[in-house]
Amino acid sequence: MKSLLNFLVRTHFLLLFILIEIFSISLLVNNNSFQRSRMVNISREFSGNYHRKLADLKEYFELRDINQQLVEENTRLLNILESTYKSDEIFFRNVTDTIYNQRYFYTPARVVNNSVNKMHNFITLNKGKEQGIKPDMAVVSNGSVVGVVKGVSENFATVISLLNLDFKISAKVKKNGYFGSLSWDGKDYQKAVLNEIPLHADIQVGDTIITSGFSSIYPEGILIGYIENFEELSGSFYTIYVRLSTDFKRLNYVNVIGNLTQNEIIDLEQEATKNND
Amino acid sequence: MIKTVPRYLLNFILLVLLQVFVLNNIQFSGYINPYIYVVFILTLPFETPKWLLLVLAFLMGISIDIFSNTPGMHSSATVFMAFLRPFVLKIIAPRDGYEPETYPQLRYYGGNWFLKYSSILVFAHHLFLFYIEVFRFSDFFATLLRAVLSSSFSIVLILIGQYFFRKDTKRR
């Protein structure tokens, strides 16, 4: 017994090191997956408040850019306004009342914390449960993909950025509809990689890549980026490098897209797989 | 000894704030991200008990982690660095040992010694941190490059900080 105590006293430094290191790494591993919200939830509310104050401050320096973006957005919206088009009232036409068929709704939110230089980047938004944000909602900025809401607290939400090694999205080539899965390779914050496009597909540098709408998260046809180059690395698939249309370094305002039919789709799909078994 | 406690406490808070609010927002070209909060562990007194070193390193790391949404990442790297500290101090000790009433800082042992001391430990810390962040050994050299670039940037910042505070004490 005495020699055991002696041993413990002699090696306490190494033992304590191993103990703390195991504790830290288990923290890291347990919390690194999609479901790590528990512990982060508490600190999110706390640190979110500080990040918001910081973002308020930073906003002043970016006012010029934001104004510029708003002007561009306004011009674009004015251009698609009905009144800018020639009236064609002489023709009869069917009117579909789309309000009854509304499938997606948009909520604006502000980015209060963001990074592009890690392997697993997350974005914090200033809206949360109380503003109707739920996990698994899509996030877009100026009509192009940003990420997916991962967890929410009362007033803040954490978003898995597209710039995250865990993030995967179903994407397709706009002109011919070939679809594959798009993810980030952790190297350049302006580029992502699109896989699983077969070699017989006709693709060119500069082709537009959009979301496929196969998941219940993203609507179809949201812009992701443009093909920068592509190569045949292995087997029967292209590896396509996509220049992202979102500039993650100057993300300010985003829209969160809620899918009103998401539960219905998921229920249906689960039922179908259950019946299959 | 007891007098130094409030000073290190203040040091701790200031470094966490500086790291979280200023340096975490510096992102040069997606590669360089300085982490200078480790200077807290570097400058602890020579007589600090070894177990306290590890505990303080863990507290420092976990407070950075809370703010950067990465529980366990910074704390494991900082604890690793604190573990190496006594060995590094022993290896690079001056010929007649460390004098009492001094601290492992630039103003006591000179720029050369401090550069050696801080670069070994800061590089070890960054290497550990970046590899545990990626959590895989593919892209080995890209990660190594990030660690080298970021740690040289951190070391420069730490040296600048040390010179800055050296002047401060002379004036007093």
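Trainee: Among contacts in chain B between residues at least 6 apart in sequence, what percentage joins residues at least 24 apart?

Mentor: The share is 67% for chain B, where two residues are in contact if their C-beta atoms, placed from the backbone, lie within 7 Å. Please keep in mind that this is a predicted model, in which local features need pLDDT of at least 70 and side-chain atom pairs count only at pLDDT 80 or more, while totals for chains, interfaces and linings use all residues. Residues are numbered from 1 along each chain as its sequence is written, and chains are lettered from A and ligands numbered from 1 in the order in which they are written.

Trainee: What makes helix 3 and helix 4 of chain B roughly antiparallel?

Mentor: The axes of helix 3 (residues 50-68) and helix 4 (residues 73-91) of chain B come within 7 Å and cross at roughly 155°. Angles over 145 degrees count as roughly antiparallel, under 35 as roughly parallel, 65 to 115 as roughly perpendicular and the rest as oblique, so helix 3 of chain B is roughly antiparallel to helix 4 of chain B. Among the residues of helix 3 of chain B that meet helix 4 of chain B are Leu54(B), Phe58(B) and Ile62(B).

Trainee: Why is Asn142(A) called partly exposed?

Mentor: A residue is buried if 20 or more other C-beta atoms lie within 10 Å of its own, exposed if 12 or fewer, and partly exposed in between. Asn142(A) has 17 C-beta neighbours inside 10 Å, and therefore counts as partly exposed. Asn142(A), in the loop between strand 3 (138-141) and strand 4 (144-152) of chain A, also has a positive phi of about 50° although it is not a glycine.

Trainee: And why does Glu196(A) count as partly exposed?

Mentor: Glu196(A) has 16 other C-beta atoms within 10 Å, so Glu196(A) is partly exposed. Glu196(A) lies in strand 8 (residues 191-198) of chain A, and its phi, near 70°, is a positive value in a residue other than glycine.

Conventions: Axes fitted to C-alpha atoms, helices over the stretch in contact; angles between N-to-C directions. Helix = DSSP H or I, 4+ residues; strand = E, 2+ residues; numbered from the N terminus.
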